[in-house]
Each structure stands twice: as structure tokens, then as C-alpha cells.
Amino acid sequence: TTALLLAAARAEPSAPSRLWHEVMTSGGAFLLVGLLGQLLNFRKEVLRTRLNTGVLCDIRVKLYDAIQGLCFRYHDANHSGDLITKATRDVYSVHTLYAETIFVGAEIFLLVAGSGVLIALVDWRLALLAFSTFPVALLIVTRTATRMRRLSREASDQYDLVTRVIQENISGIRVVKAFAREPAEIDKFER
């Protein structure tokens, strides 16, 4: 029997060395997957930045081209400060919406869908429980987005007004200084 035990011990590694081997293999695989994930994430961010910059540049060029093509009547009826605002802040807002909503939305959708599938494979009842809060969350997000849209429009209108006052003041600075209107213009800007 002793010979059989010695032969079995030589044929099968001991439990601690087997555990050590599994830990090292799993740890190495985890590290490799993590490094690969970071490398792919870096590449994704580089591509996303290039795409976003290109789209932002295209939007600005098309807007500038459109502004140049507008008739004199349009330019007379609209303040140049409003056009400047649209060419800068509004274009950047569209870019942010495009960049963040599309990319982050796609990532969140894939994460939620993948998690849902994995949870459902483990236990379908757990998946139903986990996703039962979605209607409430969707209602909260919808109401918040509606309110934020209204507040954003109000802030945008105020920003247009501030830009208009600055633009008019700078373009007419000689008149302001000639009539010593600086305090009145500062008061107007503060309001």
C-alpha cells in the first residue's frame, strides 16, 4: 500500500501546488484580459476623439458657409452676437450631444444588454427582479430631461443676450468712451 500511495503522489501533484498553478494561471489570464481591455479602450478613445473633432470641424465649416450665404435682410434682422453664439456654443452643444449621447449611450446599452443576458442565464427570476426598476428609472429620467431642456433653453437665451451686449459694446467702444457711458454699459451687462 505504501508503494501505491507513493506512486499516486508522484502521478498527481499535491493540492497546494495545484492550487498555486490555478491561481497563477487565472491571475495571468485576468491580467492579460485587463491589459488587452485597456489597450482597446485607449484605441477606442483615440478613434472617438478623431471622429468627434472631424464632426465638430465639419459642422462649424458648414455653419460658417451657411452664414456667409444668408441675405442682407437676415443679417440686419439678427444680432451678430447671436450668430457668434450659434457658431461657437451651440455648435459645441450639438457636438457634446452627439459625442456623449451616441457613444456613451451605445456603451450603456451594450453593458445593460450583456448584463441582462448573463443574469437571465443564471436565473430568469433574478433578471426580472433586477430590471423591474427600469420603468421607474425611465420615468424619472424623462421628467428630468424635460425640465433640463427647458432650463437649458432659458440659459441659452441669457447667454445669447450676454454675448449680444458684449459684441455691441466692443464694436461700439469708441461711442461708449466718447460719451463716458462705461458705468451704464457695465450696469447693463450686470443686469
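This is a predicted model: local features need pLDDT of at least 70, side-chain atom pairs count only at pLDDT 80 or more; totals for chains, interfaces and linings use all residues.
I take buried to mean under 20% relative accessible area, exposed over 50%, and partly exposed in between, with a 1.4 Å probe and protein chains only. Residues are numbered from 1 along each chain as its sequence is written, and side-chain values use heavy atoms, leaving out hydrogens and water.

**Salt bridges**

I looked up salt bridges, counting a side-chain nitrogen of Lys or Arg within 4 Å of a carboxyl oxygen of Asp or Glu, and found five in the structure. A network of them links Lys-44, Glu-45, Arg-48 and Glu-107. In it, Glu-45 is bridged to Lys-44 with the closest N and O atoms 3.5 Å apart, and to Arg-48 with the closest N and O atoms 3.7 Å apart. I note that Arg-48 is buried, at 14% relative accessible area, whereas Glu-45 is partly exposed at 29% and Lys-44 is partly exposed at 30%.

**Helix H6**

I take helices as DSSP runs (H or I, at least four residues), with strands (E) needing at least two, numbered from the N terminus. Helix H6 covers residues 134-171, and its buried residues are Ser-156, Asp-160, Thr-163, Val-165 and Asn-169. These pack against helices H4 (80-122), H7 (173-178) and H8 (182-190), where contact means heavy atoms within 4.5 Å. I also found a salt bridge between Glu-154 and Arg-150, the closest N and O atoms being 3.3 Å apart; the two residues sit four apart in H6, about one helical turn. Glu-154 is partly exposed at 39%, and Arg-150 is partly exposed at 43%.

Methods
The expected span of a helix is 1.5 Å times one less than its number of residues.
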